[in-house]
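Have the sequence and the 3D view ready as you read.

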Amino acid sequence: MTKLYDHKDYNVPANRYGDDVEAVLIPEDALQARVQELADMVSEKYKDSEQDLMLVCVLKGAVFFLTDFARKLTIPCEMEFMAVSSYGNSTTSSGVVRILKDLDKEIEGRDVLVVEDIIDSGLTLSWLLKNLKGRGPKSLEVVTLLRKPEVQTAKIDLLDVGFDIPNEFVVGYGLDFAERYRDIPYVGTLHPNVYSELLGL
Ligand code: PRP
């Protein structure tokens, strides 16, 4: 396991959610620098491909990562979107997945790169990869911005990971709690009282 990125900065930049964000886990500049490294690695890997790389974004959390990542690539790419729903409760996934929105295009014979925001248990992605593999892509790889190695149960081969983080609920840079906080430009943790209020605890 790589070292966890677990330094917290309690000097939280002003944001539209008042005091809800308790600490910054990954600041904006660190996120952008790592996304650049991932994009450089991917640009190099696929630079001699005959066809454009097809990026598959899993809505909604990965949207911010995808748009920054795609703009930092030096190779041509296409973008496809998928929406899935996991039959879990609000904080854990079950591994049983339903497709809410499928890809618009066939991926048979294409180089496909799934762009994910976070792997918790890994169950959603594990299901998705099996599904996509069945469609006959030429290659199928995954890059995820965040991973929680302490809770991942499904083994998944990854091209690369942005940051390994502790098992804490994180928001920002696409990640939500009850659909809020996605628009914050850094990854942070929430004050526990936000959970209790919204979950009615
Ligand atoms: C999150 C995230 C992953 C999944 C990870 O999506 O984007 O797809 O959960 O969990 P797992 O590894 O335990 O399966 P979520 O269902 O919260 O939807 P969202 O991206 O629309 O917020």
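Strand 3 and strand 4 are paired in the antiparallel sense, with four bridges between them. Take S85 as an example: its bridge partner in strand 4 is R98. All of this is read from a predicted model.

The pair belongs to an open sheet of six strands, which shows mixed pairing and the order 4-3-2-5-6-7. Strand 4 (97-101) and strand 7 (160-164) each have a single partner strand and stand at the edges, so one side of each lacks a neighbour in the sheet. On average, neighbouring strands are turned by 25° against each other, direction ignored.

| Helix | Strands touched | Angle between directions |
|---|---|---|
| Helix 1 | strand 2, strand 5, strand 6 and strand 7 | about 165° with strand 7 |
| Helix 2 | strand 2, strand 3, strand 5 and strand 6 | about 160° with strand 2 |

How do the helices meet each other? Helix 1 (residues 28-45) packs against helix 2 (residues 63-72) at an angle of about 55°, and their axes are 8 Å apart. The two are therefore oblique to each other, and helix 1 passes helix 2 in a right-handed crossing. Helix 1 brings Q32, V35, Q36, L38, A39 and V42 to the contact, while helix 2 brings F65, D68, F69 and K72. By class, this contact has six nonpolar, two polar and two charged residues.

Which residues of helix 2 are buried? They are F65, L66, D68, F69 and A70. The buried residues of helix 2 pack against helix 1 as well as strand 2 (53-59), strand 3 (77-86), strand 5 (111-119) and strand 6 (139-147).

Definitions and conventions
Residues numbered from 1 in each chain as written. Predicted model: local features only at pLDDT ≥ 70, side-chain atom pairs only at ≥ 80, totals over all residues. Heavy atoms only, no water. Axes fitted to C-alpha atoms, helices over the stretch in contact; angles between N-to-C directions. Parallel < 35°, antiparallel > 145°, perpendicular 65-115°, else oblique. Left-handed = near helix turned anticlockwise from the far one by under 90°. Contact = heavy atoms within 4.5 Å. Nonpolar A, V, L, I, M, F, W, Y, C, P; charged D, E, K, R; others polar. Buried < 20%, exposed > 50% of the residue type's maximum accessible area, 1.4 Å probe, protein only. Pairing = 2+ DSSP bridges.
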